Amino acid sequence: MGEARGAAARAGVAAGLVLGAGACYCVYRLARSRRAGAAAGTKGAASARDGSAPGGSLLPRVSGLSVLSSLAWGGPSNLQSDTDLPKSPSNLDAHHLQKLIHLLELTDDPLIQEQALVTLSNSAAFSVNQDIIRNLDGLSVIGKMLSNSIPKVKEKALNTLNNLSMNVKNQEEIKVYILQVCKEIELSPLNSDLQLAELRLLTNMSVTNDYHHMMTNAIPCFLHLLSEGNERTQIQVLKVLVNLSANPAMTRHLFSAQAPSLLSLFDNCINKEILLRALMFAANLNENMKNEEGIITQDQYSEDSVFSLLCGHSTQYTKKLVCLLHHHDTEVKEQVAKIITQLRGDTKTRYSGKLQ
């Protein structure tokens, strides 16, 4: 009978946990039912979508995972009418979030952990909840899930931190996980959802220059993923690299990195989203070099370095840029024209290599 009750409880959790405030309540109730040896199944109700950006956050500036995903609402069919379930995610109260964080802290059940994190992730689409979760010490509780042995739980924890990182004050606490995430990216299965979630968090954490120095050692890994990853991975890696390249302090670190296959991205047949970001990456580095103090010499960098490929004697790169001037997309052609102007203009006296 005990095993049957446990199976029924797990089935109830799987069927009944839905996103949003209803899920918050369901997770809490079902966890209690699990301890008592009984649980009831639930069904999700309607879904809603809010298109407004949380005020006072980094939302307009980040390019990672969308936080305005559909939020499903509903609760247990046997709940009484006097329950205190909020009717909207923006009305999620602190005590709901506190119960959810407390549950996440106590449970070892990966299914409950996963669903609790999904609920927190969706609630973090609203700036007021981002502050509440931080004030409840939720960031550290969620952060501990990054060391969980279950990949799906880690992925959901990363997605939650990703949404929470759109708040500047939250970033000040989330920064302690940057080095861990950088190491995990290299160990995660190539092109996996887990690896993409790790890259999305670094995308948000690299929107400002404040934490770029913490990602320096991961640059070779980023460029490796750019070479070996699929299009989804390449796009996400380039979002991080574009953010890093916008910071003049990161220029020499990026220039010295090895990227033998980088030029393969500068081609008419490449996905426009990848091509545009690769061009932005190059344009940013050129702009930084223009403002660099002192002369940058070719012999400072190896043959396969980013500098040698983009700013050295590479006739292949020059030919690729000329071909891209005939690209069908106007935005691509504008970026290419900008790069050619940079290379033949102000940067002419900034380094010792000849322009082709």
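**Helix 11 and its neighbours**

Okay, let's start with a pair of helices: helix 11, residues 219-228, and helix 12, residues 231-245, have axes that come within 9 Å and cross at roughly 145°. The handedness of that crossing is left-handed. Keep in mind that this is a predicted model.

So who does the touching? On the helix 11 side, the contact uses Ile219, Phe222, Leu223, Leu225 and Leu226. Helix 12 brings Thr233, Gln234, Val237, Leu238, Val240, Leu241 and Leu244. And what kind of residues are they? Sorted by type, the contact has 10 nonpolar residues, two polar ones and no charged ones.

An α-helix has 3.6 residues a turn, so residues three or four places apart point the same way.

Now stay with helix 11 for a moment. Which of its residues are buried? They're Ile219, Cys221, Phe222, Leu223, Leu225 and Leu226. And what covers them? Helix 12 is part of the cover, and the cover also includes helix 9 (178-187), helix 10 (193-205), helix 13 (251-256) and helix 15 (306-311).

Let's zoom out to the whole chain. There are 17 helices and two strands. The chain has 356 residues, and 53% of them count as buried. If you take contacts between residues at least 6 apart in sequence, 73% join residues at least 24 apart.

Key:
Residues are numbered from 1 along each chain as its sequence is written. This is a predicted model: local features need pLDDT of at least 70, side-chain atom pairs count only at pLDDT 80 or more; totals for chains, interfaces and linings use all residues. Side-chain values use heavy atoms; hydrogens and water are left out. Axes are lines fitted to C-alpha atoms, for helices over the stretch in contact, and angles run from 0 to 180 degrees between N-to-C directions. Helices (H or I, at least four residues) and strands (E, at least two) are DSSP runs, numbered from the N terminus. A crossing is left-handed if the near helix is turned anticlockwise from the far one by less than a right angle, and right-handed if clockwise. Contact means heavy atoms within 4.5 Å. Ala, Val, Leu, Ile, Met, Phe, Trp, Tyr, Cys and Pro count as nonpolar, Asp, Glu, Lys and Arg as charged, and the others, Gly among them, as polar. Buried means under 20% relative accessible area, exposed over 50%, partly exposed in between (1.4 Å probe, protein chains only).
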